[in-house]
Amino acid sequence: MKTAERQSNIDFQKINIVTDGLKVLSNPDRLKILCVLIECELNVQEIEKNTQILQPTLSQQLTVLRNAHMVSCRREGKNMYYKIIDDKVLIIMQTLYTLYCAV
């Protein structure tokens with residue numbers, strides 16, 4: 001009986017939001033970018049150095065993350081700085097690290 005009650009409380013209207021977010025996270029380059037942004041804000045050159053993703057691809061993937069409202073950017077002089085702004089994404093990334101990367 002408890003299982004049936006719990007299932008009736010699930011809000012399936014949010015399924016599309018979840019699947020859209022998971023589609024964004026399912027790209028290896030975007031995951032790498034988010035991994036290096038977990039702890040701090042970085043500029044594009046620092047992200048490129050830490051992920052080994054070349055500039056054209058990096059720019060494209062940062063745009064996808066920005067459009068998904070997962071990261072924000074700010075300009076300082078000639079540099080663009082990016083950081084994670086979605087707390088849910090930060091929790092997901094920390095959980096993935098714990099499950100797959102922690103020794």
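Biologist: Which helices each supply at least two residues of the lining of the largest pocket?
Modeller: Helix 2 (15-25) and helix 6 (87-101) do; helices are DSSP runs of H or I, at least four residues, and strands are runs of E, at least two, numbered from the N terminus. This is a predicted model, in which local features need pLDDT of at least 70, while totals for linings use all residues. Residues are numbered from 1 along each chain.

Biologist: Which helix gives the most to that lining?
Modeller: Helix 2, with 6 residues.

Biologist: How much space lies in the largest pocket, and which residues are closest to its centre?
Modeller: The largest pocket holds about 280 Å³. Its lining has 13 residues, and I17, V18, G21, D86 and K88 are the closest to the centre.

Biologist: How does the lining divide by residue class?
Modeller: The lining has 8 nonpolar, 2 polar and 3 charged residues.

Biologist: Turning to helix 3, which residues are buried?
Modeller: In helix 3 (residues 28-37), R30, I33, L34 and L37 are buried (under 20% relative accessible area; exposed is over 50%). Viewed down the helix axis, these buried residues fall within an arc of 95°, so they line one face of helix 3.

Biologist: And the loops: which residue between helix 4 and helix 5 is worth a look?
Modeller: Q52 is found in the loop between helix 4 (44-51) and helix 5 (55-67). Q52 is not a glycine, yet has a positive phi of about 65°. Q52 is exposed, at 65% relative accessibility.

Biologist: Where is H69 found?
Modeller: H69 is in the loop between helix 5 and strand 2 (71-76). The phi of H69 is also positive, near 60°, and H69 is exposed at 58% relative accessible area.

Definitions and conventions. Predicted model: local features only at pLDDT ≥ 70, side-chain atom pairs only at ≥ 80, totals over all residues. Heavy atoms only, no water. Buried < 20%, exposed > 50% of the residue type's maximum accessible area, 1.4 Å probe, protein only. Arc of directions from axis to C-beta. 1 Å grid on protein atoms, 1.4 Å probe; cavity = no way out; pocket = protein on both sides within 12 Å on 5 of 7 lines; lining within 4 Å. Points joined across faces, edges and corners; volume = space filled by probe spheres on them. Nonpolar A, V, L, I, M, F, W, Y, C, P; charged D, E, K, R; others polar.
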